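I opened this notebook to record what I looked up, beginning with the sheet and moving on to the packing around it.

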Amino acid sequence: MNAPVHPSPDLPRRLFTTQDVFRMVEAGVMQEDENVELIGGELVVMAAKKNDHEIFKSALLEWLVKGKADDQRVGVETTLYLAEMLFVEPDLMLYPRTIKPQDLAGGDLTLLIEVSDDSLSRDLGLKASIYADHGVRDYWVVDVEARRVIVHRDPTDEGYRSARSFEADAEVAALLAPELAMRLSSLLD
């Protein structure tokens, strides 16, 4: 078996736009259901989801659906187009029913949740930076392994001013929908 080849960072790259990705799907170069994100114009293949990831995501989805207001919609791995060369697929998001998913901006979101196992460093680093840059006011990272929720609030161009960790037994509530409160440990019983 050959070792993977890693391109030199100084080689020129072809960066893509969201429109390029749409055209690749239309031409059959990519499948519509391929699990990718477009970050800074580069296609990033997403890792396969593990069992614990799916269990946590399902429990959070049930909690959101049961507790959300009627004027809110829950998105599950919904593509969020944030810029010409940037789209992501957060695990869960809550947003106003009056806005179509393709028209959402970061500041429109009531709550955005990433469920993390192997992706923890990326969700706390790159993704947190992206979401802060685009004005997501309430970003939660659910750390599957440590059984905790890291809540990011007060976005700026340089990241979030506030990041607070809540252990599984601590109550955490959504900033823009305080009626949505939960204990992670209760969701997993």
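Which residue in β6 is the bridge partner of V74? I looked it up and found L94. I note that this is a predicted model, in which local features need pLDDT of at least 70 and side-chain atom pairs count only at pLDDT 80 or more, while totals for chains, interfaces and linings use all residues. Residues are numbered from 1 along each chain as its sequence is written, and side-chain values use heavy atoms, with hydrogens and water left out.

**Entry: overall counts.** I listed five helices and 12 strands in the protein, both taken as DSSP runs numbered from the N terminus (helices are H or I with at least four residues, strands are E with at least two). Of the 189 residues, 42% count as buried, where buried means under 20% relative accessible area with a 1.4 Å probe, protein chains only. Among contacts (heavy atoms within 4.5 Å) with a separation of 6 or more, 49% come from residues 24 or more positions apart.

**Entry: the sheet.** I traced an open sheet of six strands in the order β3-β6-β7-β8-β9-β10, with mixed pairing; two strands pair if DSSP finds at least two bridges between them. At the edges stand β3 (72-76) and β10 (159-167), each with a single partner strand, so one side of each is left without a neighbour in the sheet. From one strand to the next the twist averages 20°, with axes taken as lines fitted to C-alpha atoms (for helices over the stretch in contact) and angles running from 0 to 180 degrees between N-to-C directions. I then went through the pairings: β3 and β6 (residues 92-96) are antiparallel over five bridges, β6 and β7 are antiparallel over three bridges, and β7 and β8 are parallel over five bridges.

**Entry: β7 and what lies across it.** Six of the six residues of β7 are buried, so this strand is largely enclosed by the rest of the structure. Helix α2 (residues 51-67) lies across β3, β6, β7 (111-116) and β8 (138-143), and runs at about 160° to β7.

**Entry: cores.** What touches the most other members of the largest nonpolar core? Of its 23 residues, I found these to be L60, W63, L64, L111, I113, W140 and M182; a nonpolar core is a set of buried Ala, Val, Leu, Ile, Met, Phe, Trp, Tyr and Cys residues joined through side-chain atoms within 4.5 Å. Two or more residues each come from α2, β6, β7, β8 and β9 (148-156), and the largest share, four residues, comes from α2. Leaving aside neighbours within four places in sequence, I recorded W63 in contact with L111, I113, W140, L180, A181, M182 and L187. A second, separate core of 21 residues includes I99, L112, A128 and V141.

**Entry: helix α4.** In α4 (residues 126-133) the buried residues are K127, A128, I130, Y131 and A132. Just after this helix, I noted that G135 takes a positive phi of about 80°.

Terms used:
Buried < 20%, exposed > 50% of the residue type's maximum accessible area, 1.4 Å probe, protein only.
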